[in-house]
Amino acid sequence: MSNGSFPPESGRRGGTLAIVLAALIPTCCVAFWLLSSSPGGSKDDDADGGSGSTAPSASSPSATASPSSGKPLQGKVVVIDPGHNPHNRDHPSQIARLVDIGTNEKECDTTGTATNSGYAEASFTLDVARRVRTALEARGATVRFTQDGDRPYGPCVDERAEIGNKAHADAVVSVHADGAAAGQRGFHVILPKSVRGGGADTSAITAPSRLLGERLRSRFAKATGSEPAQYIGDGSGLDVRGDLGGLNLSTVPKVFIECGNMRDPQDAAELTDAAWRERAGRGIAQGITDFLNE
């Protein structure tokens, strides 16, 4: 041992150690308490969620979010009605029979129109309807179709209305394309007229249906770049009718959308373009979403 140092005696060593530990323990406890109670405390404490954790604050995701967070249409039921049926042309007598639409009688259904190149309205409506369904289901909605190309014909217009009614739908949209003269371009939304007669009574749905139609008009125009039709509805993009069984017999908010004129070459070029139909589907879905979130 150098420098004249001597090793401590064993009893002296133990006593000194005890004194040092006694002095350090309170300090360590205080430091641990400060760290664990601070806002930036232990990451493990946040993860294990033990009984000693505090309740989440109002701004905490666990306080405000639910399993359906990010699904704005969770719990909503939407019925999409693809106009006509690709197989209607094979059943002329069945679709020609008359059905009661409340105010009078009309044919069960029709084959619909087509472009000059032969692209059928029934094919167009199914394609767009399926795109709408994909967008709405991604937002949490329950979507039902009146037909998905899986029926031999129809359904008839009265049954189309009944499907929406039985589903207690929050909104129903019937997808169509018009067959006006060439040179007449644009889209329009058909709203139910206030009618009452037979099994028809639209008095409760005319106001919400108009709101649905207005939201569709706005979002469809924005998504597709299309202009409201000038040949109908005074260029407003809205047309009120009381001769459509699908509207007359509905007890839930419902509209038709005529996405364009299949007999006009410029409109037909859009209607036959898959990218345009995708934009149309998104526009319809967003219009429905806006309406349901009012």
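Two rings of Phe, Tyr or Trp (for Trp, its six-membered ring) form an aromatic pair if their centres lie within 6.5 Å. By that criterion, this predicted model holds 2 aromatic pairs, and the tour will reach both of them.

**The whole protein**

The protein contains 10 helices and 10 strands. Of its 294 residues, 38% are buried. Among contacts with a separation of 6 or more, 79% are between residues 24 or more positions apart. If a surface is displayed, its accessible area comes to about 15,500 Å², and carbon and sulfur atoms account for 53% of that area.

**First stop: the disulfide**

Select Cys108 and Cys156 and show their side chains. A disulfide joins these residues, with an S to S distance of 2.0 Å; a search of the whole structure finds 1 such link. Cys108 lies in the loop between β3 (105–107) and α5 (121–138), while Cys156 lies in the loop between β4 (142–145) and α6 (157–166), so that the bond links distant parts of the chain, 48 residues apart. The angle about the S-S bond is -90 degrees, and the link of Cys108 and Cys156 is left-handed. Are the two cysteines buried or exposed? Both Cys108 and Cys156 are buried.

**Second stop: a charge over a ring**

Select Arg133 and Phe145 next. The charged end of Arg133 sits over the ring of Phe145, at 4.1 Å from the ring centre.

Now select Phe187, Phe220 and Trp276, which form one aromatic cluster. The structure's 2 aromatic pairs can be examined in turn.

The ring centres of Phe187 and Phe220 are 4.9 Å apart, and because their planes meet at 55 degrees, this pair is tilted. Phe187 is in the loop between β5 (171–178) and β6 (188–192) and Phe220 is in helix α7 (residues 206–224), so the pair ties together parts 33 residues apart in sequence. Both Phe187 and Phe220 are buried.

Moving to Phe220 and Trp276, the ring centres are 5.9 Å apart and the planes stand at 80 degrees, so this pair is edge-to-face. The pair links helix α7, which holds Phe220, with helix α10, which holds Trp276, across 56 residues. Trp276 counts as buried because its relative accessibility is 2%, and Phe220 counts as buried because its value is 0%.

**Last stop: helix α10**

Finally, select Ala275, which is placed in helix α10 (residues 274–292). Ala275 is partly exposed because its relative accessible area is 43%, a value between the 20% and 50% limits. Its C-alpha atom is separated by 9.8 Å from that of Thr224, 51 residues away along the chain.

Key:
Residues are numbered from 1 along each chain as its sequence is written. This is a predicted model: local features need pLDDT of at least 70, side-chain atom pairs count only at pLDDT 80 or more; totals for chains, interfaces and linings use all residues. Side-chain values use heavy atoms; hydrogens and water are left out. Helices (H or I, at least four residues) and strands (E, at least two) are DSSP runs, numbered from the N terminus. Buried means under 20% relative accessible area, exposed over 50%, partly exposed in between (1.4 Å probe, protein chains only). Contact means heavy atoms within 4.5 Å. Accessible areas come from the Shrake-Rupley method with a 1.4 Å probe; for residues, only the protein chains shown count as cover. A disulfide is a pair of cysteine sulfur atoms within 2.5 Å. Rings of Phe, Tyr and Trp (its six-membered ring) pair if their centres lie within 6.5 Å; planes under 30 degrees apart count as stacked, over 60 as edge-to-face and the rest as tilted. A charge sits over a ring if NZ of Lys or CZ of Arg is within 6 Å of the ring centre and within 35 degrees of the ring normal.
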